[in-house]
Amino acid sequence: MQPILLTLLVVATLWQGCSLGTPRNELVEVFSWKTLDFAYPSEQSRQQAIAAGDFIPGNSVPMGVEVWQDKVFISVPRLGKGVPSSLNYVKMNDMYKAPKLIPYPNWASQNMKSKEPGLKIVSPFRMSVDACDRLWMVDLGILDIKTSFTKLFQPRILVFDLKTDQLVLEREIEAKLLPCRTWIANIIVDVERDNCQDAWAYIPDLWGKVLIVYSMQKNDAYQVNHQYFNSDPLAGNYFIGGFNFRWDDGIFGVALSPRSVETGEKTLFFHALSAYTEYAVSTRVLKNATLAADFYGYKLLGSRGGEFNQAGAQSMDPQTGVLFYTLPHKNAIGCWNACDKSQEYSPRTAVQVVQNNVTLLYPSDLKVDRASRVWVVSNKLPVFNNDALNNNEVNFRILYGEANKVIEDTPCDPNFVAPPVFDKGPQHQHQHQHHQRRRAHQRRAPQPATSAIKTVPRLWP
């Protein structure tokens, strides 16, 4: 059997529920693309789109990933010209390693030139599937972000019923809730399956450094401010993919815990992109605008430590209570066992579990699905921002791993037994402290050869 056919057979068998499993402390590459392509109705219509400039191969970048049943949703915001569809999906059992993206819910919703009335989906960045089988997102409404930065719509919440593929909510976010400098690139939804109308969306604004809270039942939204939403000025330096740059992004990564048996509440875990710390707040607090304004309703969990430990997107495994997050500066995935009350959030317990400078070059989004599978999309974003992508090599990937395998034998594993720490006496402690001070003095950011350094402007997360 040819090697490529064997690989496809193994991937297809995984989706069919066989117990082949995934490797320990690794992610399996499921799909990969040199450039994204789209499932046009015909080759003729594809060529017409290319001729008209509506599709420019190489200008589309996958940003977000979400999973529902056999669909893997992929957002492709219109960062530049020639992005034909910003909300798409592929089938898990697709036998092609680089499948064409299928526009969702249809091609008509992606046609920016059409004068016909109807839904137009411009630029959603990341999505969230709720317990009631609905797909939520915030569409920024901005076209050609890198070039003309054309604003077609005010940012708005879009919600689709995945069982019918029908739009069930289109709700504009009022300008009064958004700071002058605003950028919404994430959303998470809090709802129970037995009360689908009582849904709450938590929407971080990473440039405005505020949190928008939206109640579906009340059709009401309000802005929450807190010092913990701010970035850390000492964590704004990045060196990724050969490019050095600074970002000052605030609150970005958000994840929800399962409902507590003791209190009946959930916890929202959150952090700024340009920071090293993790925080938490009860959803009971967020659902009350007065309580949400109280500084003391929020908790500092701890720090991952410095040295380029900024975290991006995050998601919690509902089965184990393990919080997974991306480490974009390290091309890696980290985790922390939030259910182990003996584990404070620290560099010892919030640890890196998967790292790969090729397949995880800028992990843009991460989701844990209902089956406790970790999904990651990587997209070389800093390279794309600098117009330096090589279309002859793989640039975009979707990877997957079973949560229990990813954390096996790490501090995130519920069965993990930490090695004993022996007290070696005051003399050893003095030497250790002296060594730590020397290391702190000598530490500096890793630098490439001078000719390889390029400073790039801030574009988007």
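Contact means heavy atoms within 4.5 Å. The legends below describe a predicted model, in which local features need pLDDT of at least 70 and side-chain atom pairs count only at pLDDT 80 or more, while totals for chains, interfaces and linings use all residues. Residues are numbered from 1 along each chain as its sequence is written, and side-chain values use heavy atoms, with hydrogens and water left out.

**View 1. His-329 and its surroundings.**
His-329 sits in the loop between β23 (322–327) and β24 (332–337). Helices (H or I, at least four residues) and strands (E, at least two) are DSSP runs, numbered from the N terminus. Setting aside neighbours within four places in sequence, His-329 is in contact with Asn-237, Tyr-238, Phe-239, Ile-240, Phe-308 and Gln-310. With Gln-310 there is also a polar contact, side chain to side chain, at 3.4 Å. A polar contact is a pair of N or O atoms within 3.5 Å; within protein, one must be able to donate a hydrogen and the other to accept it, and residues adjacent in sequence count only if both atoms are side-chain atoms. His-329 has a relative accessible area of 10%, so it is classed as buried. Buried means under 20% relative accessible area, exposed over 50%, and partly exposed in between (1.4 Å probe, protein chains only).

**View 2. The disulfide of Cys-132 and Cys-196.**
A disulfide is a covalent bond between the sulfur atoms of two cysteines; here the term is applied to a pair of cysteine sulfur atoms within 2.5 Å. The structure holds two disulfides. In the one formed by Cys-132 and Cys-196, the sulfur atoms are 2.1 Å apart. The pair links distant parts of the chain, 64 residues apart: Cys-132 is in the loop between β6 (124–129) and β7 (134–139), and Cys-196 is in strand β13 (residues 195–205). The disulfide is left-handed because the torsion about its S-S bond is about -95°. Cys-132 is buried at 12% relative accessible area, whereas Cys-196 is partly exposed at 28%.

**View 3. The disulfide of Cys-335 and Cys-412.**
The sulfur atoms of Cys-335 and Cys-412 lie 2.0 Å apart. Cys-335 belongs to strand β24 and Cys-412 to the loop between α6 (403–406) and α7 (425–442), so the pair ties together parts that are 77 residues apart in sequence. This link is right-handed, with 105° about the S-S bond. Cys-335 is buried, with a relative accessible area of 0%, and Cys-412 is buried at 0%.

**View 4. Cys-180 and Cys-339.**
Cys-180 is exposed, with a relative accessible area of 90%. Cys-339 is exposed at 51%.
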